[in-house]
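Here is a friendly walk through some strands and the way they pair. Have the structure open beside the text as you read.

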Amino acid sequence: LTADTTYLIRVAPNVASAIAGDITTSVNVFNTWDGSESDDWSDAQNWSLETVPTTTSLVQILGTVPNEPVIKNGTNAVASFIALVDGISLTIDYGGTLTVAGSEDQSILLDNALSTLFVNGTLNLSNSEDEGLDVEDGILNVGVTGQVTITNTDVGIDLEEANTSII
């Protein structure tokens with residue numbers, strides 16, 4: 001299956017089912033950070049789909065990688081959704097920008113103890129129908145040079161667990 005591709009599924013009638021017809025569905029495939037080459041977000045070799053995330057990408061960053069991702073000075077990174085899981089950190093350096101727009105539930109999910117989002121540059125979250133940033137047991141660290149803008153959300157930042165903090 002390929003990301004951002006629509007597939008046609010045909011359901012044929014049989015003894016157990018009276019349903020017949022065509023069903024159209026989309027398959028969402030995560031572009032998972034593997035950090036195999038470096039810590040550079042912009043290096044396609046660090047991603048499972050061997051392409052840097054786009055505005056429609058669902059991104060997953062797990063805590064079992066050799067290099068944690070960094071959005072460096074001059075980089076304008078984008079995604080539709082980002083999940084930070086298992087104690088991983090994502091850093092936005094001074095002069096770097098991350099824009100996450102388009103998720104139905106949240107723009108960024110920090111899930112599991114010690115998953116950390118360091119914002120020393122610019123973080124823009126928009127077009128989320130629920131939370132802009134869902135912190136379920138992680139840390140949001142906004143540095144002196146960091147700027148966070150959250151628009152078009154029901155809840156800007158949702159702090160859900162006891163082990164959650166904003167620094």
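How many of the five residues of strand β7 (residues 81-85) are buried? The model is a predicted one, and in it five of the five are buried, so β7 is largely enclosed by the rest of the structure. Buried here stands for under 20% relative accessible area. Both faces of β7 are covered: Ile-82 and Leu-84 are buried on one side, while Phe-81, Ala-83 and Val-85 are buried on the other.

Now for the partners of β7. Strand β4 (residues 58-62) pairs with β7 in the parallel sense, and Ile-61 has Leu-84 of β7 as its bridge partner. Strand β10 (residues 106-111) also runs parallel to β7; there, Ile-82 is found opposite Ile-108.

Next comes an open sheet of four strands, paired in parallel and ordered β6-β9-β12-β15. Its edges are β6 (76-79) and β15 (147-150), each of which has a single partner strand, so one side of each is left without a neighbour in the sheet. From one strand to the next, the twist averages 10°.

The table gathers the pairings by their bridges.

| Strand pair | Sense | Bridges |
|---|---|---|
| β4 and β7 | parallel | five bridges |
| β7 and β10 | parallel | four bridges |

Notes. Residues are numbered from 1 along each chain as its sequence is written. This is a predicted model: local features need pLDDT of at least 70, side-chain atom pairs count only at pLDDT 80 or more; totals for chains, interfaces and linings use all residues. Side-chain values use heavy atoms; hydrogens and water are left out. Two strands pair if DSSP finds at least two bridges between them. Helices (H or I, at least four residues) and strands (E, at least two) are DSSP runs, numbered from the N terminus. Axes are lines fitted to C-alpha atoms, for helices over the stretch in contact, and angles run from 0 to 180 degrees between N-to-C directions. Buried means under 20% relative accessible area, exposed over 50%, partly exposed in between (1.4 Å probe, protein chains only).
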